[in-house]
Amino acid sequence: MSAMPKFTKENYFSLSKEYFLESIKDNSFLQKLFTDMDKILPVYNTIQYSCMYDDYIEISNFIGYSPNYKNNILIGFCRPAITHEIGHLVELDDISRIFKKDFGIPYAPEKFIRSSAKGFFCALAREQRVYSLEDIMNNAKSRSKFENPMWEFMAADRCPFGKFTKIEQVKDWLQSIIQQTFTNWDRDRIEFEWFRRLGMLKEKLI
Ligand SMILES: [Zn+2]
């Protein structure tokens, strides 16, 4: 597929699935997660496929990984969003949250920018874990959330906080989260948790 296909209401579902499968051709791990489409199609039937970020904007407040949005699981079927969503789904410790809208994560961009230091550092830790899980899935070099200057700016704005007196300490903390994530996770564990959680969603939603 050379160019983005033309989406219409009628072909939306099948084209975005086709486009998605094409987009993961270079990643055998992702192909494995989505190989047995027939087996997990009952789950996919309740998933809104999408390749276009703009579509999410039309679905009010949708942040890209919302199960149970009007009884649908919404997940961004495109790259790089898909590895991000898988990362969020598998990293939740409290598994009951997979059934909550936005996985129970409070989110609104304008609120987030003004969020408390506690809420912000919680989110930063979570997003760093998800970033590292993405790097494992993509066989990529580990990245820090601070590669996005917005996150570093927001963190600096909230220092001092707790054990952090300066931003360098937050940088080191992120490095330790990266190390822990790479130690505790590998592709096998991601695969196991992905299918386990898809199975639970399937049971609950079908
Ligand atoms: Zn995220």
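Guide: Happy to. The protein chain comes to 10 helices and 3 strands, and bear in mind that this is a predicted model. From the N terminus on, the order of elements is α-α-α-β-α-β-β-α-α-α-α-α-α.

Visitor: What is the predictor's confidence in the protein chain?

Guide: The mean pLDDT is 77, and 65% of the residues reach 70 or more. Helix H4 (residues 53-58) has the lowest confidence, with a mean of 41, while H9 has the highest, at 98. Over residues 40-66 the pLDDT is below 50, though that stretch still has 48 contacts in the model beyond near neighbours in sequence.

Visitor: Let's look at H9, then. How do you know that its length agrees with what a helix of 18 residues should span?

Guide: At 1.5 Å a residue, the 18 residues should span 26 Å, and the end C-alpha atoms are 26 Å apart, so the two agree.

Visitor: Which residues of H9 are buried, and what makes them line one face?

Guide: Val170, Leu174, Ile177 and Thr181 are the buried ones. Seen down the axis of H9, the buried residues fall within an arc of 55 degrees, so they line one face of the helix. An α-helix has 3.6 residues a turn, so residues three or four places apart point the same way. On the other side of H9, Glu168, Asp172, Ser176, Gln179 and Thr183 are exposed. The cover over the buried residues of H9 includes H7 and helix H8 (149-157).

Visitor: What makes H5 largely enclosed?

Guide: The count does: 9 of its 11 residues are buried, so H5 is largely enclosed by the rest of the structure. The buried ones are Ile82, Thr83, His84, Glu85, Ile86, Gly87, His88, Leu89 and Val90. For the protein chain as a whole, buried residues make up 23% of the 206 residues.

Visitor: Which residues touch the most other members in the largest nonpolar core?

Guide: Of its 15 residues, those are Ile86, Leu89, Val90, Ile98, Leu133, Met137 and Ile190. Helix H2 (28-33), helix H5 (81-91), helix H7 (117-137) and helix H10 (187-205) each give two or more residues to this core. There's also a second, separate core of 6 residues, with Phe121, Val170, Leu174 and Ile177 among them.

Visitor: One last thing: what kind of peptide bond joins Cys159 and Pro160, and how do you know?

Guide: That one is a cis peptide bond, with omega at about 0 degrees. Pro160 belongs to the loop between H8 and H9. Most peptide bonds are trans.

Terms used: Residues numbered from 1 in each chain as written. Predicted model: local features only at pLDDT ≥ 70, side-chain atom pairs only at ≥ 80, totals over all residues. Helix = DSSP H or I, 4+ residues; strand = E, 2+ residues; numbered from the N terminus. Buried ≥ 20, exposed ≤ 12 C-beta atoms within 10 Å, placed from the backbone. Core = buried A, V, L, I, M, F, W, Y, C linked by C-beta atoms within 7 Å. Expected span 1.5 Å × (residues − 1). Arc of directions from axis to C-beta. Contact = placed C-beta atoms within 7 Å. pLDDT = per-residue confidence, 0-100.
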